[in-house]
Amino acid sequence: MIKLFTDSDLDGIGCGLVAKLAFGDEVDVAYCSYRNLNERVERFIDDQENNDAKIYITDLAVNEDVEKKLAKRFKNGSHVQMVDHHVTAMHFNQYEWGFVQPEYEDGRKTSATSLYYEFLLEKNLIKSSPALAEFIELVRQYDTWEWEVNENTNAKRLNDLFFIISMEQFETEMLERLKTQESFSLNDTENMILDIEEEKIERYINAKNRQLVQTFVGDYCVGIVHAERYLSELGNALAKLNPHIDLITLVNVGTKKLGFRTIYDHVDVSAFAKQFGGGGHPKASGATLTKETFEMFVVNVFDQHAIRRDAPNNELNVKENKKGTFYVNRKREFSKIHKVSEQPWAVLHNNNLLEGSFETFDQAEHYVKRNYGSGIAFDNEVISLLAESLKVSEEDVRKSYQEYLEKH
């Protein structure tokens with residue numbers, strides 16, 4: 001008997017498909033998560049009837065207690081092989097049965113599916129084919145977000161399809177396709193479904209962007225939103241829409257999961273997740289929602305307002321106006337970024353001049369957004385503010401905006 005424990009995402013099911021192509025009906029695949037992996041592996045190896053079974057674990061790492069049991073199992077002559085690509089699992093390379101490689105020698109990031117396939121290929125346990133190689137590359141590019149750099153939307157669409165249809169249907173259809181087709185592609189019906197789905201994803205992202213709150217966790221400015229769907233697309237999109245935020249936290253109370261996403265090289269969300277018992281990639285990771293993390297990411301921010309979006313079509317209150325650009329948050333606190341003569345940019349918040357200055361406008365804006373959750377105010381909001389503070393009519397302000405802006 002062959003037993004595979006693997007993740008339940010696209011990379012995990014990719015490993016499952018590779019195993020079924022290699023071993024056929026001999027293999028039993030268990031799709032797991034960080035929450036249940038240790039329990040399921042431990043229960044399996046504690047059953048003496050499974051001593052002769054060959055165990056593979058891919059795309060997930062067991063905890064220290066199960067790690068010791070696997071080491072003992074291997075020492076006693078039973079089969080164990082772990083294949084992973086997460087940097088948080090590198091310590092498994094100390095074992096003869098552990099193989100963890102986050103990158104290839106040419107600098108490309110690996111995936112569990114690509115590593116597992118190459119591992120079995122090297123041992124002559126699986127036959128190669130163009131369709132299988134194409135499928136595995138799509139999985140690798142999606143899992144590592146390389147698809148975005150390469151603009152390979154086929155990788156993203158494969159993952160979208162995985163979430164649209166059931167795991168069982170996806171597994172059945174992909175397995176048949178990989179067995180029978182010379183090259184891998186999605187069919188017309190699947191592409192039509194995906195076109196509709198892309199519109200739904202865009203609407204979902206826009207809705208969640210309006211719900212985003214932010215706080216500081218250590219030195220990181222963290223955006224937090226509750227989400228149950230399109231997590232990878234959502235996390236990446238929110239990070240791009242809010243570049244002042246270091247990382248995005250996706251909270252799913254129903255599944256008791258946390259997802260962490262970043263677009264920055266200097267932010268390692270796998271290390272961030274590790275402090276909460278999780279792990280993953282430097283730019284995409286996860287952890288279990290515990291009482292501690294529930295307190296941090298739900299209770300502590302419950303009373304906070306969502307961050308304010310930038311006004312989209314202003315004509316007057318625009319960026320980098322030396323006389324002033326106004327920002328406002330949900331608490332109606334106004335900030336003004338302006339220049340005094342040729343001096344660096346200064347920030348006025350609630351009519352109080354902040355100490356220090358900023359060399360560039362972008363640096364000043366970054367500070368305002370991170371610390372106040374503010375967005376560029378609408379023209380009408382600024383006109384009303386100036387009219388009230390300078391005791392003039394809004395019509396006068398609109399006619400001579402730059403003049404009254406300088407007086408403020």
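I began at the hairpin, which joins E10 to E11 through 3 residues. Strands here (E, at least two residues) and helices (H or I, at least four) are DSSP runs, numbered from the N terminus. The model is predicted, with local features needing pLDDT of at least 70 and side-chain atom pairs counting only at pLDDT 80 or more, while totals for chains, interfaces and linings use all residues. Residues are numbered from 1 along each chain as its sequence is written, and side-chain values use heavy atoms, with hydrogens and water left out.

**Strand E11**

I looked up the pairing of E11, taking two strands as paired if DSSP finds at least two bridges between them. E10 (residues 279–280) is antiparallel to E11 over 2 bridges, and Gly279 stands opposite Gly286. E9 (residues 257–261) also pairs with E11 in the antiparallel sense, over 5 bridges; there Leu258 has Ala287 as its bridge partner. I then checked the cover of E11 (residues 284–288) and found 4 of its 5 residues buried, that is, under 20% relative accessible area with a 1.4 Å probe, protein chains only.

**Parallel sheet**

I traced an open sheet of 5 strands in the order E2-E1-E3-E4-E5, with parallel pairing. E2 (27–32) and E5 (98–100) are at the edges with a single partner strand each, so one side of each lacks a neighbour in the sheet. Neighbouring strands are turned by 15° against each other on average, direction ignored; the axes are lines fitted to C-alpha atoms. E1 (residues 2–7) is joined to E2 by 6 bridges, and Lys3 has Asp28 as its partner in E2.

**Pockets**

I looked up the pockets next, each an open set of points on a 1 Å grid where a 1.4 Å probe fits, with protein on both sides within 12 Å along at least five of seven lines; lining residues have an atom within 4 Å of a point. Of its 44 lining residues, Asp9, Phe163, Leu231, Lys257 and Arg261 are the closest to the centre. I sorted that lining into 17 nonpolar, 14 polar and 13 charged residues.

The second largest pocket has about 520 Å³. Its lining has 25 residues, with Lys109, Thr144, Trp145, Glu146 and Lys283 closest to the centre. Helices H5 (130–144), H6 (146–150) and H10 (231–241) each give two or more residues to this lining.

**Annotated region**

I noted that UniProt, in an unreviewed entry, places "domain: Oligoribonuclease NrnB C-terminal" at residues 324–394; such annotations may be inferred rather than shown by experiment. Over residues 324–394 I found 35% helix and 27% strand, with the end C-alpha atoms 18 Å apart.

Notes
Nonpolar A, V, L, I, M, F, W, Y, C, P; charged D, E, K, R; others polar. Points joined across faces, edges and corners; volume = space filled by probe spheres on them. Buried < 20%, exposed > 50% of the residue type's maximum accessible area, 1.4 Å probe, protein only. Axes fitted to C-alpha atoms, helices over the stretch in contact; angles between N-to-C directions.
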